[in-house]
Amino acid sequence: MAISLAHSTFCKSSLLFHRACVRSYILTPLASASTSSSAHSAIKPQHQKWRQPVASVVEIGGVKIVKDDVVRDDPTNNVPDTIFSKLGMQLHRRNHHPIGILKNAIYNYFDINYSGKFEKFDDLCPIVSAKQNFDDVLVPDDHVSRSYNDTYYIDPETVLRCHTSAHQADILTEGNTHFLVTGDVYRRDSIDSTHYPVFHQMEGVRVFSPHEWEASGMDATSYAAADLKKCLEGLAKHLFGAVEMRWVDSYFPFTNPSFELEINFQEKWLEVLGCGVMEQEILKRSGKINNVAWAFGLGLERLAMVLFEIPDIRLFWLTDERFTSQFSEGQLGVKFKPFSKFPPCYKDLSFWINDSFTENNLCEVVRGVAGDLVEEVKLIDNFTNKKGMTSHCYRIAYRSMERSLTDEEINQLQWNVRELVQSKLAVVLR
């Protein structure tokens, strides 16, 4: 579930952030990939492809963020240039973009049904403390999301938020009782048409006082759960029309009971969001001892891909007018018309893995080299020999959303991938 909140002032950490009103971007060249020797039998290409520079300063919510404070040559930092380049892009604040259109459609639902009640936050700094991201929403110490394999760490105490719930406790402590939070979130993930290391979430929270449930004759938890389901069923109808729905029991560290809402859309059951009654411990820590609350969270890309029939999550990041011109403010559900029929090019990569190898680390290396030119990284074969050594073979699909790639480009990308996989992941190429 994606429950999360934030305020630009929460961006304070050990980083050297400077408040400024100038929305300027200072460009510095992207460091070229390091090279090393390889046993690959092919002849190494000689020409390096020029790559777009990465901004060295971005500004979010009035906070100036310096690249050198986020991307560091330090073993406790795993934020690459490609991720820093997405900071400040805030697709959810673009009213003509599918993500912004969907956000505004959800806002419209709450404005109609809860006029003036819900505060809206959508310009919040994604750099938060590990405490905000995990501890404040009761994520267990041994939860997989805390690992460097899953989360982008700036240093051991500072992360790029992996859910908008990272600021829930702070906003509650400030006294807010009804709010919606939208923002970009960051997770190290696999590479395919539905996964991307940056995506957007929206969270909603509503806090109830004792007089609201006491008059109903229901206990606090049952009252909050019933109100939550009524609210979200209405939201689903607002977005998808008169669809069949069902509730599925689930688990999230920060809610109890927890649910997922699914709808029957185009003859398939689709998970729309996760939600639940907020854990009392979160409310108590924020000074709301006698209250109960509900919270929900949803992924905007997931729903936008369905509503706009967008087949590849990379398309959301295009600036190509053939994509951007298809969408207009307030027009929810306009069907995307594909403009790219460029064929993919497949390259295989085989190597002996070690005990520290993870697929997420491999995908980070591939993304670092190929960026959005990589469409998919898929394990197609693995085996263990008599010596106990395990081999993996991955098929990498390269495809541009905008143009045909040349053989020279693809060969250079694959060569750089091979070199960096060998040097950074300490695997043995086959």
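Colleague: Let's start with L349. Which residue stands opposite L349 in β18?

Modeller: The general idea first: strands of a sheet pair through backbone hydrogen bonds, either parallel or antiparallel. In this predicted model, the residue facing L349 is Y394 in β18.

Colleague: And how many bridges join β16 to β18?

Modeller: Eight of them, linking residues 345–352 of β16 with residues 390–398 of β18, and the two strands run antiparallel.

Colleague: What order do the strands take in that open sheet?

Modeller: Read it as β17-β18-β16-β19, four strands with antiparallel pairing. The edges are β17 (374–384) and β19 (428–429), each of which pairs on one side only.

Colleague: Which strands does helix α11 touch?

Modeller: Helix α11, residues 359–370, packs on the sheet and touches β16, β17 and β18. Its direction makes about 140° with that of β17. Then there's helix α12, residues 407–425, lying across β16, β18 and β19. That helix runs at about 20° to β16.

Colleague: Zooming out for a second, how many helices and strands does the protein have?

Modeller: Twelve helices and 19 strands. The protein has 430 residues, and 53% of them count as buried.

Colleague: What share of the contacts between residues at least 6 apart in sequence join residues at least 24 apart?

Modeller: That share is 70%.

Colleague: On to charges. How many salt bridges does the count come to?

Modeller: The idea is that side chains of opposite charge can pair when their charged atoms come close. Here the count comes to 20 salt bridges. Take D123 and R93: their closest N and O atoms are 3.6 Å apart.

Colleague: Where do D123 and R93 lie?

Modeller: D123 is in the loop between β6 and β7, while R93 is in the loop between α2 (81–84) and α3 (98–113), so this pair ties together parts that are 30 residues apart in sequence.

Colleague: Is R93 buried or partly exposed?

Modeller: Partly exposed, because its relative accessible area is 38% and the buried class stops at under 20%.

Colleague: Which residues do salt bridges with shared partners join into one network?

Modeller: R93, K103, D122 and D123. You'll find D122 in the loop between β6 (119–121) and β7 (127–129). The D122 side chain makes a polar contact of 2.8 Å with the side chain of K103, and another of 3.4 Å with that of R93.

Colleague: Is D122 buried or exposed?

Modeller: Buried, with a relative accessible area of 17%. Leaving aside neighbours within four places in sequence, its contacts are Q90, H92, R93, K103, Y107 and T182.

Colleague: Last one, N291. Where does N291 lie?

Modeller: In the loop between α8 (280–285) and β15 (292–299). N291 counts as buried, because its relative accessibility is 16%.

Colleague: What does the side chain of N291 reach?

Modeller: The backbone oxygen of F208, at 3.0 Å. F208 also turns up among the residues N291 touches, along with V207, S209, W213, Q280 and L283, not counting residues up to four places away in sequence.

Colleague: How many residues apart in sequence are N291 and P210?

Modeller: The two are 81 residues apart in sequence, and C-alpha to C-alpha they are 6.5 Å apart in space.

Terms used: Residues are numbered from 1 along each chain as its sequence is written. This is a predicted model: local features need pLDDT of at least 70, side-chain atom pairs count only at pLDDT 80 or more; totals for chains, interfaces and linings use all residues. Side-chain values use heavy atoms; hydrogens and water are left out. Buried means under 20% relative accessible area, exposed over 50%, partly exposed in between (1.4 Å probe, protein chains only). Contact means heavy atoms within 4.5 Å. A polar contact is a pair of N or O atoms within 3.5 Å; within protein, one must be able to donate a hydrogen and the other to accept it, and residues adjacent in sequence count only if both atoms are side-chain atoms. Two strands pair if DSSP finds at least two bridges between them. Axes are lines fitted to C-alpha atoms, for helices over the stretch in contact, and angles run from 0 to 180 degrees between N-to-C directions. A salt bridge is a side-chain nitrogen of Lys or Arg within 4 Å of a carboxyl oxygen of Asp or Glu.
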